[in-house]
Amino acid sequence: LKPENIMMVTKSKFEVKIIDFGTAKQIKPKQKINEFIGTCYYIAPEVLDECYDEKCDIWSCGVIMYILLGGYPPFNGNSNSEIYSHIKNSQPSFIEDEWKGISEDAIELIKAMLRKNPSTRITAEQALNYPWFKLYAKQSEIEQNKNNNKQMNQEIQMNAITKMKNFVKENRLKQAV
């Protein structure tokens, strides 16, 4: 999972689709995969060790959420090996200016998704039931009843889309260089 594979269906409605399942695997309960597959920014630490399960996708979703809200990846470097080192040994930072307006619930959710140990990492079900999603869903419901706030909700969505577009453009430039 990576932002480059998230596509907008239409401009008039905030609807997305996931594309490119070329390396997708169906994992049975308690099954481990032992091959190195992925794009450096989104690879979970256990993928680097070539012994992983579905929790690696939670990690990737946490990286995507970090990029959507912050505008840059949580683990960065000048080379793939430097990025991999940060993935294994560093914690994501939430102190830059981009994080000042982000709710504590959103930051805590990202931290839960980016736990190094997959056995302590949040599950997909737990993530969907996290207070931030419930709060966002409740706010969206309230905002749909108020025309003034509907525009604010669209601005938040467009801000996330803009951050993703900018990151994808920057990433493509780095790859070309």
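I take helices (H or I, at least four residues) and strands (E, at least two) as DSSP runs, numbered from the N terminus. I number residues from 1 along each chain as its sequence is written. The model is predicted, so I keep local features only at pLDDT of at least 70 and side-chain atom pairs only at pLDDT 80 or more, while totals for chains, interfaces and linings use all residues, and side-chain values use heavy atoms, without hydrogens and water.

**Entry 1. Layout**

I looked up the elements first. The protein chain has seven helices and two strands. From the N terminus on, I read the order as β-β-α-α-α-α-α-α-α. Next came burial. I call a residue buried under 20% relative accessible area, exposed over 50%, and partly exposed in between (1.4 Å probe, protein chains only). Of the 177 residues in the protein chain, 35% count as buried.

I find N5 in the segment before strand 1 (6–10). N5 is buried, at 12% relative accessible area. I checked the distance from N5 to I18. They are 13 residues apart in sequence, and their C-alpha atoms are 5.7 Å apart in space.

A112 sits in helix 4. I list A112 as buried, at 3% relative accessibility.

**Entry 2. Salt bridges**

Side chains of opposite charge can pair when their charged atoms come close. My criterion for a salt bridge is a side-chain nitrogen of Lys or Arg within 4 Å of a carboxyl oxygen of Asp or Glu. How many does the whole structure hold? The search finds five salt bridges.

I looked at E46 and R121, which form a salt bridge with their closest N and O atoms 2.6 Å apart. E46 lies in helix 1 and R121 in the loop between helix 4 (104–113) and helix 5 (124–128), so the pair ties together parts that are 75 residues apart in sequence.

I note both K100 and D97 as exposed.

E108 and K111 form another salt bridge, at 3.7 Å from N to O. They are three residues apart in helix 4, so about one helical turn separates them. E108 is partly exposed at 32% relative accessibility. K111 is partly exposed as well, at 38% relative accessible area.

**Entry 3. Nonpolar surface patch**

For patches I take residues with over 30% relative accessible area and no salt bridge, joining like charges within 9 Å and nonpolar side chains (Val, Leu, Ile, Met, Phe, Trp, Tyr) within 5 Å. Accessible areas come from the Shrake-Rupley method with a 1.4 Å probe, and for residues only the protein chains shown count as cover.

Which residues make the nonpolar patch? L1, I18 and F21 make it, and I note about 300 Å² for its area. F21 belongs to the loop between strand 2 (15–18) and helix 1 (45–48). At 56% relative accessibility, F21 counts as exposed.

**Entry 4. Second largest pocket**

Rolling a probe the size of a water molecule over the atoms shows where empty space is left. I work on a 1 Å grid over the protein atoms alone: a cavity is a set of points where a 1.4 Å probe fits but cannot get out, a pocket is an open set with protein on both sides within 12 Å along at least five of seven lines, and lining residues have an atom within 4 Å of a point. Grid points are joined across faces, edges and corners, and a volume is the space filled by probe spheres set on the points.

The second largest pocket holds about 650 Å³ of space. I count 25 residues in its lining, and L1, T23, A24, I37 and D57 are the closest to its centre. Helix 2 (residues 55–70) gives the largest share of this lining, three residues.

The lining of the second largest pocket divides into 14 nonpolar, six polar and five charged residues.

**Entry 5. Positive phi**

K30 is not a glycine, yet I find a positive phi of about 65 degrees there. K30 is in the loop between strand 2 and helix 1. K30 is exposed, at 83% relative accessible area.

E50, also not a glycine, has a positive phi of about 60 degrees. I place E50 in the loop between helix 1 and helix 2. E50 counts as partly exposed at 36% relative accessibility.

Note on methods. Ala, Val, Leu, Ile, Met, Phe, Trp, Tyr, Cys and Pro count as nonpolar, Asp, Glu, Lys and Arg as charged, and the others, Gly among them, as polar.
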